[in-house]
Structures are given as structure tokens and as C-alpha cells.
Amino acid sequence: MNERLAYIIMIVSAPIIWVLTIRITEAPSFLLPPPNMVADIMLSEHQDLLFHTRITLVTALSGYVVANIIAISLSVSFLYLPWLEALAVPWTVVIKNVPFVTIATIMIIILGDTPMPKIIIVVLVTFFPILANVTKGLKSADSVMLDRMQTLDSSQWEIFTKIRWPSALPYYIAAHEIAFTGSIIGAVVAEWLFAREGLGALIVRGMSQYRADRVWAVTILASALAVGAYLLVKAVEKYLFRWQVEDLT
Amino acid sequence: MTIEFSRVSKQFGEVEALDDVSLTIDDGEFVTLIGPSGCGKTTMLRIAAGLEEPSAGSVAVNGGTPRNACREHQIGVAFQRPALLASRTALRNVGMTLEITGRDGALSPGDLLTDFGLGEFHHHYPHQLSGGMQQRVNIAAALVHDPAILLLDEPFGALDELTRESMGEWLGGVLSRSSKTVIFVTHSVEEATILSDRVVVLSARPGRISEVIEIGLPRPRSRAFRTDDNFLREVARVRSSLYRAVELSN
């Protein structure tokens, strides 16, 4: 089946399933608000929602940029300094496996309600897939290609830009599929833990006021952002690797 | 340019890949290395390319080190697996060599590909080309900077028999128009015989030169030549030498 059609079917059927669930369970609207109620909130409070969306996006994107810079620098360092990679492995294993809500809590205790702990949480969530993939991708360069480059007496810079980086690019893009969506989810969770602004903070506020309609509105908005991020990466991937689908004509 | 192996030995850990190998390859000569697997023929080629250092002895390329010949862009290499980037077209893959070496004295990548029978495939990506075509692009990329020395490691090893024959014939034609010094590694006795001035037969464990055979056949050697009696006699000579080398290896 056509992928676009499948998306359309989902977008149309989700509200239908939603309404049917309300009809069948006879859930009151303060528990399970009907779609039109949520749509009303999204329209009437759109200024407020957009303000908080912007906060979340700024947190997510800043963290994401920082994660990319650190992860790529480390991957490149690992390539030329194998001892550094050996040294870093236990650190990455430990940091990656500490539940990140606990790190987040510690960060908030130390740094308070500033953008910094939230950005750090986004970095923690998105950093590892990029590091792992780019490190692997840089090493995936074809050995016969590297041999040829050596016989042509090419510089390390030429080898990196012409062979290693193009070899790593598919791995890097694949990391974005996980990490870019992850940055938005990470930002929302960070705000949910402790913040007065952002979509995560709106969820907490909606919950404490028993405003299920607001929580639903934020859920839809946050999901749309994350899905949008994913589709954006897919589109970039399709553009960068458009040559893969071209066939003999 | 000449290539001179003087008492070259090479160990990989416990394995003795080459043991005291001496061989001089003349300027413009086509020399094939043949032998059972593990005889060190690929190692010899990689040492000549400066990709491996001998454990003992030395290799001189035109009097200097192989690395120096690389620096002067006098070496072109092609291996069994084509060294092509999937994200570049045939033309840009060949052009990549020149991005490194510069264009001085180089051939035109487009003309070279057309000359190699790939005129309609300049803008095709490697995955859109057949194995034989990929190997032609690969050899074009090895030749485009017009090196004096060409090192070929089983370039046709992955191809089917018929493609292989026609590729061998094609390579013979391409090289007959140049004066390059060539080291060619193969498993095929026919290929070795039809292409070479000399065939060096190696025995394995440790890798040693078992015999050097001069191929006394006139050039050009076309496809019809493959059924010629003189050719078949030379093939038989190389083959029996190879069998002796295999026996030495066991």
C-alpha cells in the first residue's frame, strides 16, 4: 500500500476510533474529552499553546545542536585516537544506562528552573544514537577505497571528506530518525519534571486542574511535532539518497 | 618504470607470506603473478603499491621507494572488489582520482570511459552497472592519472567466465596502446598466458618464486588466438608449472 494513503487513513480513522470509544464506554468528557472539545481548546487557546510550543522547540533544538556537535566531534576523535574510544566506552555505557529522569532530577536540583538542565536532558537523550552511528559509519569506509586513496598519496583531510564522511552519512541520517524525534520528547519530559513554561509544563498544569481537554490538546501538538521531525528527516534522507532509487531507464 | 624486489620477506604474525623473493620487472613489461592461495601474490602486489612494508629485504620502484612512487602519482591500483563510491556516478568516480592527483598530464575521465565502451553510462551509479562495467570504471579510475605502473589484483575474479574472457581481451587491447609496467595477479592460467610477457609462478607456505615463464607469443593476441595451437602449448606449460608449484606447497 502507498505510504501516503496509509497516513491519510490513520488521520481520518483516529478521531473515529476516539469518538467510538467515548460512545461505547460512555466516558464523561472530563475523563475523555471528545475531539471537537479538544479542537475548541486548540483554537481558543492557540496563542498560549503556540507560545509554549515555541519554548519546547527552542529547548529541543538547542539540545539537539549541542548533542550533534559533541557526538560528531567525539566520533571523529575516536577515529584518529583509538585509545580515546577505549577510554570512553565505560563512561558511555554508564551514562547511557543511568535512568535519565534521575539525572534530570539531579540537574534540576543543581541548576534550578533554567534552560540549562532541560537542554542537558535533551542532549542525554539524543547524544548516544548519533555517537554510536557516526562512529560506526566513519569506520564503515570501504578498505579497497582507502587503499586506493593511499596509493594516490591523498591527505587525511581528503580521505575524510571524500571517503569517510560520505560513508558515514547514511548512518548519520539514520541516527536523526531516532534522535530528532527524541529531542522533542526529551524536552517535553524535562519540562514535565520541572518547569513553568513549555508543553511539558502545560501537561502538568492541565493535570492539576483536571483539564483533560488541555492535556489532550498538548498531547496532539507534541505528537505532531515529533512526527513532523521524523518526516522531515525522512524527506532529507530521500533527497540526499535520491540516487539510490534511480534505476536503469 | 622498473620494479625490483630484492630478497623480500613478509611475515604476518606467525604466517610467512613471502620468503626471500627477488624479481625484477622491466619498464613496460606485463608480469603476471600466479599460484595457489596463500602464495603471497597479493602481498607482493601490496608491497609494490606501498600498502605493506616488507619484513626483510626491499622493493625499489624506479630506484625509489614505493611510497615515493605514490607521491609522484606513478601508481594505479585496481582490486577484485571495485573501489567505487556508491554515491558518485561512473564519471565522478573516475574524476575522484584527479581530485587527488590534479589534472597535470591526466587523461579525460569522459573520454576514457567512452574509450572503455561506457559512453552511455557516464552518469550511471555503480549499482546500476553490471560487474564487468563496474570493473571497467574501476580500472579507468586507476588509469586516469596516467601512472607509469598499473597494479591489478584479480580484477576479473568476481566475473563470470564469458565476461571474464572478454574483459581480459579488452584489457590486453587497452594496455597494448600504452607502455605501462603492469603487475597482474590472477588464478586463471589462460588469462595469465594471453596477457603476459612473463608469468611468475609462486608456491605457498612460505611464498616463494617457483618458476618464471617467458611467454613467447606474438602480439596482438585476439580472441581467435585462444584456440591457436601455440597458445594452447603455452597454457599447458604454465599449467604444469603451476601444478609443480602446488605440489611444492604441500
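1. Which strands of chain B does helix α1 (residues 41-48) lie across? Helix α1 of chain B lies across β1, β2 and β4 of chain B, and runs at about 120 degrees to β1(B). Helices (H or I, at least four residues) and strands (E, at least two) are DSSP runs numbered from the N terminus. Axes are lines fitted to C-alpha atoms, for helices over the stretch in contact, with angles from 0 to 180 degrees between N-to-C directions. Contact between two residues requires C-beta atoms, placed from the backbone, within 7 Å.

2. The model is predicted: local features need pLDDT of at least 70, side-chain atom pairs count only at pLDDT 80 or more, and totals for chains, interfaces and linings use all residues. Residues are numbered from 1 along each chain as its sequence is written, while chains are lettered from A and ligands numbered from 1 in the order in which they are written.

3. In chain B, three strands form an open sheet in the order β2-β1-β4, with antiparallel pairing (at least two DSSP bridges between two strands). Its edge strands, β2 (15-25) and β4 (56-61) of chain B, each pair on one side only. On average, neighbouring strands of this sheet are turned by 20 degrees against each other, direction ignored.

4. Five bridges join β1 (residues 3-12) of chain B to β4(B) in the antiparallel sense. F5(B) stands opposite V59(B) in β4(B).

5. Towards chain A, 20 residues of chain B are in contact with 16 residues of chain A. On the side of chain B that touches chain A, α2 (66-71), β5 (75-78) and α3 (90-101) of chain B each supply at least two residues. The largest share, five residues, comes from α3(B).
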